[in-house]
Amino acid sequence: MVAATAGVAGAIGVVGAAAGAGFVTLLKRQAAHARDVIGKPLGEEAIDADKVYKKTYGGTPVELLVLGDSIAAGLGAETRGGTLGGRLAKGVAKALQRPVRLRTAAVVGAETSMLPGQLDSLPKRYRPDVAVVIVGGNDVTHRVPQKDSTRVLGEVIDTLRERGAEVVVGTCPDVGAVRPLPQPLRSLGRRIAKQLADGQRETALAKGAHVVSLSDVVGPFFITNPDEMFAIDHFHPSAMGYKRTAKAMLPSVLAALGQVQQVPFGHHLPDPAESAHPDADAGRVGSS
C-alpha cells in the first residue's frame with residue numbers, strides 16, 4: 001500500500017544497529033527482494049477521476065478535494081468511479097442528494113512534505129467544502145522523521161481550514177498487511193507505520209480535523225482477505241480495496257460536512273474547542 005520498500009529497512013536502522021550489522025543487511029536484502037517481487041505492474045499514473053458526480057440531483061455541487069499519495073490518487077482502480085475520490089464523491093452525493101465535484105491533487109509516490117505543493121497546484125480562488133488527506137506510507141519507506149511528517153501535516157490542515165474547508169485525515173495504513181514484505185521487515189514496518197499513524201491522529205485532532213484510523217477500519221480486511229483487497233501488485237488496493245476504504249471513511253466525511261453527529265469505531269472527532277472553523281461555519285454544507 002506504499003510506493004517503495006527499501007526505506008523501511010533504513011527507517012529501523014537504530015533497531016538494527018542494536019542487533020548487529022547482520023540484521024541490517026538482512027533487512028536491506030528483504031527490501032530489495034520485495035521491490036523485485038512487487039514491481040510496477042500498475043504503472044505510476046492513476047486514472048483522472050475528476051468530474052461532477054451525480055449531476056442529476058441538481059443544485060450547487062459540494063466541492064470535494066483529495067490530497068495525498070497513491071491511495072488518495074486511486075492507483076490501481078480500473079474506472080474513474082472506482083477510485084477512492086470517485087467512490088467518496090458518489091457516497092457524499094447519495095447521502096446529501098446533491099452533486100459532488102471531485103478535484104484530486106494527490107500524486108502517486110507522494111510524501112507528506114509534498115502536500116504543500118499539491119495545495120499550490122490548486123487555483124487560488126478554489127475553496128473546497130471538505131478535503132480528504134491520506135498520506136504516510138511513503139514517509140515510512142523513505143525514512144522521513146515522524147516529527148517532520150506531522151509538522152507539515154498540521155500546517156496543511158491549517159491552510160485548508162483557512163480556505164474554509166473541513167478536513168478528514170486517513171492515517172498511515174498498516175504496512176504489515178503487505179505480504180510481499182517478509183519477516184522481520186514486515187513487523188518492523190508495521191510498528192513504524194503505527195507510530196506515524198498515532199502522531200498523525202494527535203496532530204490532526206489538535207488542528208480541528210476529523211480522523212479515520214485506516215489500520216483499524218480497513219486494515220483487518222486487507223489482512224484476512226488479501227487476494228480480494230489488493231490489486232495485482234499485492235501492494236495497492238484493488239477495486240474492492242478502494243470500495244471498502246471509501247465506505248469506511250464516509251462517516252467522517254459526512255460528519256465533517258455536518259450531516260451526522262456520531263461516528264463508528266476507528267473514527268475520531270476533533271475537540272469542539274479545536275473544531276470551531278476559522279471562518280465561522282464555512283465548509284459546512286446544508287441539506288439543500
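**Burial and charge pairing in the predicted model**

At 3% relative accessibility, S149 counts as buried in this model, which is a predicted one. The residue lies in helix α8, which spans residues 146-162, and, when neighbours within four places in sequence are set aside, the contacts of S149 are with T112, D139, V144 and L196.

A search of the whole structure returns 8 salt bridges, among them one that joins the side chains of K147 and D148 at an N to O distance of 3.3 Å. In this pair K147 is exposed, with a relative accessible area of 60%, whereas D148, at 25%, is partly exposed. A salt bridge is also formed by R161 and E166, whose closest N and O atoms are 3.5 Å apart; here R161 is buried at 3% relative accessible area, and E166 is likewise buried, at 1%.

In helix α9 (residues 185-206), D198 and R201 are 3 residues apart and therefore separated by about one helical turn, and their side chains meet in a salt bridge of 3.1 Å, N to O. R201 is partly exposed, with a relative accessible area of 26%, as is D198, for which the value is 27%. Together with K194, the residues D198 and R201 are linked in a network of salt bridges.

Elsewhere, a positive surface patch is made up of K51, K54, K55, R80 and K94. Of these residues, K55 is placed in the loop between β1 (52-53) and β2 (62-68), and K55 counts as exposed because its relative accessible area of 61% lies over the 50% cut-off.

Note on methods: Residues are numbered from 1 along each chain as its sequence is written. This is a predicted model: local features need pLDDT of at least 70, side-chain atom pairs count only at pLDDT 80 or more; totals for chains, interfaces and linings use all residues. Side-chain values use heavy atoms; hydrogens and water are left out. Patches are made of residues with over 30% relative accessible area and no salt bridge: like charges are joined within 9 Å, nonpolar side chains (Val, Leu, Ile, Met, Phe, Trp, Tyr) within 5 Å. Accessible areas come from the Shrake-Rupley method with a 1.4 Å probe; for residues, only the protein chains shown count as cover. A salt bridge is a side-chain nitrogen of Lys or Arg within 4 Å of a carboxyl oxygen of Asp or Glu. Lys and Arg count as positive and Asp and Glu as negative; His and the chain ends are not counted. The place of a charge is taken as NZ of Lys, CZ of Arg, CG of Asp or CD of Glu. Helices (H or I, at least four residues) and strands (E, at least two) are DSSP runs, numbered from the N terminus. Buried means under 20% relative accessible area, exposed over 50%, partly exposed in between (1.4 Å probe, protein chains only). Contact means heavy atoms within 4.5 Å.
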